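Here is a short tour of a single protein chain, written to be read with the model open beside it. Please have your viewer ready.

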Amino acid sequence: MPSVVVHVAVAGLLATSLLSDHFDSRAAIVVMVAAALPDLDTLVGLWIPGGHRAVFHTLLLPMGAGTLLLTDKIGGSWIRRRWGAYGVRVAWVSLVSLLVAGIGLDLVTNGVNAFYPVHDQFYSVSGKLQFSNQEGVVQTFIQPQAHGSTANTHYRTGFDLARGPDPAEKERVFPIVRSGRQLLLGAMSFGIVGFRLWESRNK
């Protein structure tokens with residue numbers, strides 16, 4: 001599963017591409033924090049069994065945030081009055097970051113409890129899309145795969161309490177990157193964010 005570092009790296013790329021002229025260190029941090037927020041349910045999982053990948057990984061969270069932003073826009077935009085066009089852009093890009101970098105990455109990797117607590121079921125969207133000279137177009141993304149509920153599904157994290165007498169089970173692992181692809185993505189993202197920050201300060 002992607003680490004928080006990978007979520008933040010993808011959010012950094014979203015920030016550099018979507019914030020446009022509003023890109024600065026404060027805006028980039030807000031967008032990257034939005035991507036990291038769902039993983040706070042790792043801590044909730046200490047008290048609520050199966051809470052990780054459920055409590056803050058639910059798609060109801062960005063749906064609610066999007067509704068609030070639309071309501072704000074229709075109702076005269078408190079955000080625009082308070083922070084101007086800068087605030088509006090940062091708010092919407094943060095919502096995209098929450099949905100894509102925060103929840104979406106996990107949805108397409110190991111799965112999330114997509115509609116928790118209304119519907120307690122973990123889903124993952126993974127598959128393939130290819131063209132074969134024998135079968136034509138082959139795609140397997142249409143049917144999300146169900147994996148169980150919070151009662152019987154658990155994603156281990158470094159915050160899990162040690163279980164049992166086996167010393168191997170007492171190891172706590174806090175992943176940073178777990179593959180060369182993740183390392184490349186992280187290095188590229190933080191390099192691009194750093195360059196954009198340097199560029200914006202030297203205009």
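The report below goes from the overall layout to the cores, the helix packing and a few individual residues.

## Ground rules

This is a predicted model, in which local features need pLDDT of at least 70 and side-chain atom pairs count only at pLDDT 80 or more, while totals for chains, interfaces and linings use all residues. Residues are numbered from 1 along each chain as its sequence is written, and side-chain values use heavy atoms, with hydrogens and water left out.

## Overall layout

The chain has six helices and four strands; these are DSSP runs numbered from the N terminus, with helices being H or I of at least four residues and strands being E of at least two. In sequence order the pattern reads α-α-α-α-α-β-β-β-β-α. The C-alpha trace spans about 55 × 50 × 35 Å along its principal axes.

Of the 203 residues, 38% count as buried. Here buried means under 20% relative accessible area, exposed means over 50%, and partly exposed is in between, using a 1.4 Å probe and protein chains only. Among contacts (heavy atoms within 4.5 Å) with a separation of 6 or more, residues 24 or more positions apart account for 62%.

## The nonpolar cores

A nonpolar core is a set of buried Ala, Val, Leu, Ile, Met, Phe, Trp, Tyr and Cys residues joined through side-chain atoms within 4.5 Å. The largest one has 20 residues, and those with the most contacts inside it are Ala11, Leu19, Phe23, Val31, Met32 and Ala101. Two or more residues each come from helix 1 (4-18), helix 2 (25-36), helix 5 (78-107) and helix 6 (180-201). Helix 1 gives the most, with six residues. Leaving out residues up to four places away in sequence, Ala11 touches Val31, Met32, Ala35, Ser97 and Ala101.

Apart from this core lies another, of six residues, among them Leu59, Leu107, Val112 and Ala114. Leu59 sits in the loop between helix 3 (41-44) and helix 4 (60-74), and is buried with a relative accessible area of 19%. Not counting residues up to four places away in sequence, Leu59 touches Leu99, Ile103, Ala114 and Phe115. Between the C-alpha atoms of Leu59 and Phe23, 36 residues apart along the chain, the separation is 27 Å.

## How helix 2 packs

Helix 2 packs against helix 5 at an angle of about 30°, with the axes 7 Å apart. Axes are lines fitted to C-alpha atoms, for helices over the stretch in contact, and angles run from 0 to 180 degrees between N-to-C directions. The angle makes helix 2 roughly parallel to helix 5; angles under 35 degrees count as roughly parallel, over 145 as roughly antiparallel, 65 to 115 as roughly perpendicular and the rest as oblique. The crossing is right-handed, meaning that the near helix is turned clockwise from the far one by less than a right angle, with anticlockwise being left-handed. Helix 2 contributes Arg26, Ala27, Val30, Val31, Ala34 and Ala35 to the contact, and helix 5 contributes Tyr86, Val90, Val93, Ser94, Ser97, Leu98, Ala101 and Gly102. These residues divide into 10 nonpolar, three polar and one charged, where Ala, Val, Leu, Ile, Met, Phe, Trp, Tyr, Cys and Pro count as nonpolar, Asp, Glu, Lys and Arg as charged, and the others, Gly among them, as polar.

With helix 1, the axis of helix 2 comes within 8 Å and crosses at roughly 140°, so these two helices are oblique to each other. This crossing, too, is right-handed. The contact is formed by Val4, His7, Val8, Ala11, Gly12 and Ala15 of helix 1 with Ala28, Val31, Met32, Ala35 and Ala36 of helix 2. By class, this contact has nine nonpolar, two polar and no charged residues.

## Backbone points to check

Most residues other than glycine have a negative phi, and most peptide bonds are trans. Ser20, in the loop between helix 1 and helix 2, has a positive phi of about 55°, and is partly exposed at 37% relative accessibility. Ser77, in the loop between helix 4 and helix 5, also has a positive phi of about 55°, but is buried at 8%.

The peptide bond from Tyr116 to Pro117 is cis, with omega near 0°. Pro117 is found in the loop between helix 5 and strand 1 (122-124).
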